[in-house]
Amino acid sequence: MRLKDTGMTRQELKDTIDTYTMVTAKHLDLVAEQGKGKYIYDADGTAYLDFYAGIAVSSVGNCNEKVVQAIQEQAAQLIHGSNYPYLVPQAKLAKLICESIGMDKIFFQNSGSEANELMIKMARKYGVETYGPARYHIVTAKNSFHGRTYGALSATGQPDNGCQIGYHPVLPGFTYAEFNNLESFREACTEHTIAIMVEPVQGEGGVYPAKQEFLEGLRKLCDEKGMLLLFDEVQTGWGRCGDLMAFLSYGVTPDIVTMAKAMGGGMPIGAVCANRKAASAINPGSHGSTYGGNPVCCAAAYAAVTEIMEKKLPERAKEIGAYFQKRLQELPGIKEVRGRGLLVGVEFNTPIAAEVKHGCFEHQLLITAVSDTIIRIVPPLIVEKEDCDRAVEILKTVVQEQLG
Ligand SMILES: Cc1ncc(COP(=O)(O)O)c(C=O)c1O
C-alpha cells in the first residue's frame with residue numbers, strides 16, 4: 001500500500017524518518033495520519049483509542065472543530081507578529097487566561113520548557129533586584145521534570161536520568177529536595193534561595209500528586225522567607241487535574257505558574273503567568289521571543305481554553321478520572337493506581353511498563369510508559385466512561401499476558 005501525499009510505502013516512510021531525522025524516542029509502528037476526537041487513525045485506516053493525547057496535549061480532542069476553525073481563520077488573516085505590534089488574538093487570550101485563573105500578567109512562549117526558562121529567569125531577576133546578587137538559588141524536587149532546555153533541564157531533579165546525562169555541567173544554582181517532604185525543602189533553602197519550584201503532580205517522574213499540606217507548607221515557607229513559589233503546570237494545567245489549573249483545586253496560589261500542552265489544543269504555545277510583584281522583574285529589553293504569542297497559536301489557544309471552560313472539561317476530568325482510577329484497581333500485578341483527575345499512573349510490581357504500552361498498541365490503545373514499572377494514562381478530557389471501560393479491558397488482557 002502506498003501512502004497518500006508521498007507515494008511511499010509504510011516501510012519507505014519509516015526508513016526516511018530514521019535516515020533523515022534525529023530519533024529521540026522509540027517509535028511506535030504507527031503512521032499517524034489523522035486525528036478526530038478521541039481517536040488517532042493510522043494511514044492504513046486503523047483507529048487507535050487515544051489515551052495519551054500526544055503527551056497530555058489534545059485535551060479538547062484531536063482536531064477539535066473550534067480549534068481547527070480558529071487556526072484556519074487566523075492563518076488567512078495574519079500568521080506572524082513578533083513582540084512589537086499589538087495583536088488581537090494575544091489580547092483576547094491574555095485577558096481570558098489572567099481573569100479566569102486570577103493572575104495579573106502573562107507572557108507567551110512556544111513550549112513548556114521555554115515557559116519554565118522564563119519562570120526561572122524571572123525568579124532570579126526578582127531575587128537579585130530585590131535582595132542583591134546573592135539571591136539566585138532555586139530549590140526544586142527530586143524526580144521532577146521541567147523540560148529539556150538548559151535552565152529547565154538544570155531545574156529537573158533527575159541527575160542520573162538520560163535527560164541530563166552527557167550535558168554536564170548543568171546550570172548552577174539548583175538544589176533538589178524530596179517531593180512531598182516539607183522538611184527536606186526547608187533544609188535545602190539557604191540565604192541564597194529566592195524560589196521553590198514544583199509540579200503540583202509530578203507527571204514524567206511517575207505521576208505523584210502533591211499532598212495538600214505539602215503545597216500549603218511550601219506557600220507558608222516562601223512567605224516566611226520572602227521567596228517566590230513557582231508551579232510548573234505544563235502538564236497539570238487546563239483541566240486535566242479537575243480544575244482549570246491544579247493550583248486552584250489545591251487552593252494554594254503560586255507567585256508564578258507556567259502552562260503549555262493542553263492550552264494550545266495541539267498548537268505549540270506555552271505561557272508564564274505571574275502576580276504583579278513577580279512580573280515586575282520583566283521589562284522591555286529583559287526578555288523576548290520572536291514567535292512567542294504567535295497569532296495563529298493564540299487564536300487556537302483561545303478556542304481550546306474556551307472549549308475547556310464551556311464544555312466543563314475540568315469537572316469531567318474529575319468525575320471520569322475518579323471512575324477510571326477505581327476501575328484500574330481491577331488490574332492484576334499492580335502496586336498502586338494514583339493520579340489527580342485524568343492524569344493517571346499505574347505502578348506495577350514488576351518492570352513490565354514498556355511491554356504493557358506495546359501490548360496496548362497491538363490492541364489499538366495508545367498509552368505511555370514513564371519508567372520500567374509505571375504507565376501514564378492521559379486521555380483527551382472528552383472521553384466517556386465506556387472508553388475507560390474499554391481501556392481497562394485491554395489493559396487487563398495485556399497485563400495478564402505479561403504476568404503469564
Ligand atoms: C511538567 C512539565 N514541564 C515541562 C515540560 C516540557 O514541556 P515541552 O516538552 O513543551 O518543552 C513537560 C513535558 O512533558 C512537563 O511535563
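Domain bounds here come from an automatic or database domain assignment. I looked up the division first: domain 1 covers 10–60 + 312–403, and domain 2 covers 65–310. The model is predicted; local features need pLDDT of at least 70, side-chain atom pairs count only at pLDDT 80 or more, and totals for chains, interfaces and linings use all residues. Residues are numbered from 1 along each chain as its sequence is written.

**Domain contact.** I took the centres of the two domains over C-alpha atoms and found 26 Å between them. Domain 1 puts 25 residues into the contact and domain 2 puts in 24 (contact: C-beta atoms, placed from the backbone, within 7 Å). On the domain 1 side, the elements giving two or more residues are α2 (53–56), α12 (313–328), β13 (334–340), β14 (343–348) and β17 (374–377) (DSSP runs numbered from the N terminus, helices being H or I of at least four residues and strands E of at least two). With five residues, α12 gives the most to that side. I sorted the residues of this side into 13 nonpolar, eight polar and four charged (nonpolar: Ala, Val, Leu, Ile, Met, Phe, Trp, Tyr, Cys and Pro; charged: Asp, Glu, Lys and Arg; polar: the others, Gly among them).

**Leucine 395.** I found this residue in helix α14 (residues 385–403).

Terms used
Contact = placed C-beta atoms within 7 Å.
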